[in-house]
Amino acid sequence: MRKKKWPNLSLIIIATVLLWLKTYIVYKTSFEIKIENWKQEFILLLNPLSFILLTLGLGLFMKKNKQRRYILISSFIISAVLFANVVFYRFFNDFLTIPVLFQASNMSDLGSSVSELLNWNDFLYFTDFAVLVLLISLKPRLAPYRPASKIYQRVYFLAAIAIGFFNLALAETERPQLLTRTFDREMLVKNIGTYNYHIYDLFLQTKSSAQRAFADGSELADIKNYVSTKYKKPDEKMFGIAEGKNVILISMESTQNFVINEMVNEQEITPFLNDFIKESYYFDNFYHQTAQGKTSDSEFLLDNSLYPLSRGAVFFTHSGNEYHATPEILKDKGYFAASLHANNKSFWNRDLMYKGFGYDRFYSLPDYQVNNENSVGWGLKDIHFFEQSVKHLREMPKPFYAKFITLTNHFPFELGEDDQFIEPYHSADKTVNNYIPTVRYQDEALKIFIERLKEEDLYEGSIIILYGDHYGISENHNEAMGELLGKDVTPFVSAQLQKVPLIIHIPGHKGKTISNVSGQIDLKPTILHLLGVDTKGSIEFGTDLFAKNKMDLAVLRDGSFITKNHVYTKGICYEKDTGQSADKSLCEPYMEKAKNELEYSDKIIYGDLLRFYEGADPKSAMDNSQ
Ligand code: GP9
Ligand code: MN
């Protein structure tokens, strides 16, 4: 019998093709990368190639066994990076960044979420690696080793680099300024590929470390100018109205504004909040401005009126910076500042960051009794959390600035039957279905907490501020969300789904609904003005929500923004009334502003510029400048 002739393909080529095709298949099946035309599709197909060729190509300089080992190990590592992105994407609808990787302590705390995020068939993501192993051990002749000549090596690397540049050039025609505007990771990955993106991210990381080292106070002048033109005089009727009162802040986990006054199964999702907003100031056009740092980003916005970073969590990456946060400012007014959250103190690096903000006390896991009965999903159930927190509140020196961070309404939105005050929604999407009872549960917990505050005589002497920390339902669930809302979730709708509730209750005030467009960045000046602290001259990007001529603008961390009449997202300007795309020139006046805001805020963080601000505490400013 004649022996069949197999093609003689070298190991490097086989490994490259396998990894390349696998990456493309994963792009198409595990990420939602929107493709608008054939050119984009071609870029997507092409983009993993140069990196894989270059990396595996190093094997050309190695002898047989060493080469095999190198190809196997690098294939495995590259596959693992891709898989890590897939798992991360399932949860955050986003790609990994280096700062996030260093948040391993968070990742290990994810516990219940991780098992929810892994599927039994995930081993398929390593198919190409398995094929390589089998090939080498069973049919090594199919991938023979051939020492590469100098010429071959040169041609190989030139070709790989040429493909890389071709890719970049194509991407640049499709997406000008791609590398200079890095708000949108999806855009980056789509154009330069996951692997090159990680290299680029590494470059950014190095750059930001250098930025601090080289920063000096001179950059602050422009920024000071910018914020001082933005400053709005407080409304005389509201300024100092809560002076000396306690401040009770409640961060409502994953709570989006669409749940307010919305019905599911003919029942209200938030019956308590629907009533409470009637006796409070309720802001129904208020946006979260968080990015990868989720809850911690919202805390950062709240206490500093600075934007969080577009990549990583600023709580991790810049906890050593000098800040001029609300707790520190309120010290002069005799306030005691505390944060209460029944989780590990190191989650989101809170223990360190809180010190920098001037918190006096962090009531964390050891301050709560947590057991199997009173916990679910991420930990202590909200009703128990509030109940146990009342004791801490009682003991706190007055007046206090106390922030309560709820937890039950957290992905994957688990809840025992006994705690379900409303039935899950009925759709094909478990996440959206289960979100409804956990929001409803949180609403019940809030009702009980407010009752307890009244019993403890803490209600009348406190202003109570409730806000949603960030979205709960990502764009991965547009279909079920569309069903629930009765409209298609287009990018225009999606941007507006980033609204979170903001409710400010001031004793003795009737309150009202305020529909100006605003965001979490505005919380700090609003709170300080209510307490009688004028923020004039301080470096912050928000404006007092009660100021008479506050501009209608919310800049989201991905560069999208919302104004009175327009929504700008993913490069398109929409008419708010109709949802139709509008002439770009209508959004243009705000584009520069949005860009400036984010860039100035980033500059402050990367350069640790508040260490040069004369309003800052001189001692710590000195510590930091060494
Ligand atoms: C963790 C809690 C939830 O302590 O704040 O974090 P999140 O995942 O929403 O950022
Ligand atoms: Mn959160």
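**Entry 1: ground rules**

I call a residue buried when its relative accessible area is under 20%, exposed when over 50%, and partly exposed in between, using a 1.4 Å probe and protein chains only. I am looking at a predicted model, where local features need pLDDT of at least 70, side-chain atom pairs count only at pLDDT 80 or more, and totals for chains, interfaces and linings use all residues. I number residues from 1 along each chain as its sequence is written, chains are lettered from A and ligands numbered from 1 in the order in which they are written, and side-chain values use heavy atoms, with hydrogens and water left out.

**Entry 2: the whole protein**

I looked up the overall make-up and found 24 helices and 18 strands. Helices (H or I, at least four residues) and strands (E, at least two) are DSSP runs, numbered from the N terminus. The C-alpha trace spans about 95 × 60 × 50 Å along its principal axes.

Next I checked contacts, meaning heavy atoms within 4.5 Å. Among contacts between residues at least 6 apart in sequence, 76% join residues at least 24 apart.

**Entry 3: strand S6**

I then turned to strand S6, residues 336–340, and found five of its five residues buried. Phe336, Ala338 and Leu340 lie on one side, Ala337 and Ser339 on the other, so I can say that both faces are covered.

Which strands pair with S6? I count two strands as paired if DSSP finds at least two bridges between them. S10 (residues 400–405) runs parallel to S6 and is joined to it by five bridges, and here Ala337 has Tyr401 as its bridge partner. S7 (residues 361–363) also runs parallel to S6, with three bridges, and Arg361 of S7 stands opposite Ala338.

I followed the chain through helix H17 (residues 350–357): S6, H17 and S7 make a right-handed β-α-β unit. Right-handed means that, with the strands pointing away from the viewer, the path from the first strand over the helix to the second runs clockwise.

**Entry 4: aromatic rings**

I found 42 aromatic pairs in the structure. One is the tilted pair of Phe386 and Phe404, at 6.1 Å centre to centre and 40 degrees between the planes. The pair links Phe386 in helix H18 (residues 382–395) with Phe404 in strand S10, 18 residues apart. My cut-offs: rings of Phe, Tyr and Trp (its six-membered ring) pair if their centres lie within 6.5 Å, and planes under 30 degrees apart count as stacked, over 60 as edge-to-face and the rest as tilted.

**Entry 5: two more stops**

In helix H20 (residues 478–485), I found Ala480, Met481, Gly482 and Leu484 buried. The buried residues of H20 pack against strand S2 (263–264) and helix H19 (430–455). Just after H20, Gly486 takes a positive phi of about 75 degrees.

My last stop was His198, in helix H11 (residues 194–214). His198 counts as buried because its relative accessibility is 19%. Leaving aside neighbours within four places in sequence, I found His198 in contact with Val81, Asn85, Leu96 and Ile98.
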